[in-house]
Amino acid sequence: SFLQGSSAPPPSAHADSKTRTSNDTLLRSPSPPPPTPVASSSSSLAAAAAASPFSPSSSSSSFSATTMKTRPYDGGTEGISTKKGGGLGLEHQIWPLAFAAASLTKKGFTRGIRTLVFDYWFGPLPPFSAYESFKLDDEPYSDKIAAFRLRATALVEKMEKQRRGEEKMKAPPQIWAYHMLQSTIEITRFLVARDWNVEKSMALLGKALELRSKYELDTVLNTPVKRFAQYKEVVPTYHQGFSDNAQLLVIRRVGHINIDALEGWSLDEVRDIEQRLNEIAARVIAPAISRIMQKQEWRSFTIVDMANARIYNLLKKKIRGIFSANSEVAQTCYPENLGKCVVANAPSLFSLVWRFVRTLISVRTQRKVVVDSSKNPADRLADEFKATNALPEHLGGERQNPSPSYLNSEIEKLVTAYLSGQHPISELLPSNDEYIFIS
């Protein structure tokens, strides 16, 4: 009844069963007419996505046989579960969850109300009070966070004046900037990246704002990539669910890069695609995973598969140029974005490549990289994906995701659908007023 506009208060996150029963209409689809109330979070997700253009019953003209190829969700409840250990079912929830957040936003529901809805579906998110060994509510970390926020606010306000034309300098878009000011996670990322030195962290933030303005990162997802499918064939990079620790699994099959075909791509084109991959992960995928796994997490678990890789190809100027071009934006605009990186099937001469790569990344990032030269990567990787069952078959897991499109992954279907322009990004990011809509 709360979502239908009555004056009844929203159900408490800790409401007893009677209260939840009397307020079960909170689980209704945000799309009129109001559907029949449902009794579980699993079916509520299905209801929330029922009006999605990805549902077979949808009358949307955008749904066709073509879009069917990358449609991960059919509006049904099979495989949908909010319980950890649900395997592929966990991954199936990401697209309908993102669509539900956008639908609620379009209907005028504020972030606070959307948070209540998702709290009711999944349970409240635990507070972000610690990062690694740092207890953020304790001194000196709490003081440094407050100091950074104060200085960052002044910097963003100055840029806002510039944007309004009170100064001649061009200012960057403000969507991410205002999100950052309200996000302890974002602030902590910048502070940790510079060993909690506020001065150095502010310098990093200033550079990040400059790069976000230069490459228009706040709005980069609004423009699809015409050659996205071709890029995936040349540079096999795909998403394969997430780890048991709620980190998005990114797999880069370096040994399958088509070096000759890559010559037809400029560094700007490659960087442009990689920026979009970072943005959709930050704005849609990571927030959805956090809700599903009930843990605030933004980092990725990256597997660099070196099988069939030829070292002399990786040392070519073109490849080194791509590494360098992507490194600046990734480390500046998305600090502490890597949770862990495992270099699997590393050849004996990998040290030559690593000698170059390590010059592009921070010492903290270097410590997160594990090089595995064994013939069975699963020995090191399997324990990270027991509950989510996301480890692909070619790395010793059970999930099949064959080339060239890798569309057996539900996350990869979402990424492909929106970055290639098969569906407008406005279906998931309905306005330019907020950076993240899954609250």
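Me: How many bridges join strand S3 to S4?
Reply: This is a predicted model, in which local features need pLDDT of at least 70 and side-chain atom pairs count only at pLDDT 80 or more, while totals for chains, interfaces and linings use all residues. Residues are numbered from 1 along each chain as its sequence is written, and side-chain values use heavy atoms, without hydrogens and water. Strands (E, at least two residues) and helices (H or I, at least four) are DSSP runs numbered from the N terminus, and two strands pair if DSSP finds at least two bridges between them. S3 covers residues 237-242 and runs antiparallel to S4, and the bridges that join them number four.

Me: Which residue of the S3 and S4 hairpin takes a positive phi near 70 degrees?
Reply: Five residues lie between the strands of this hairpin. The residue with the positive phi near 70 degrees is alanine 246.

Me: What is the bridge partner of arginine 252 in S5?
Reply: Threonine 237 has arginine 252 as its bridge partner in S4. S4 is also joined to S5 (residues 300-305), in parallel, by five bridges. In S5, arginine 252 has as its bridge partner valine 304.

Me: Why is strand S4 largely enclosed by the rest of the structure?
Reply: A residue is buried under 20% relative accessible area, exposed over 50%, and partly exposed in between (1.4 Å probe, protein chains only). S4 spans residues 248-252. The strand is largely enclosed because, of its five residues, the number buried is four.

Me: What is the relative accessibility of leucine 352?
Reply: Leucine 352 belongs to helix H16, residues 350-357. This leucine 352 counts as partly exposed because its relative accessibility is 35%.
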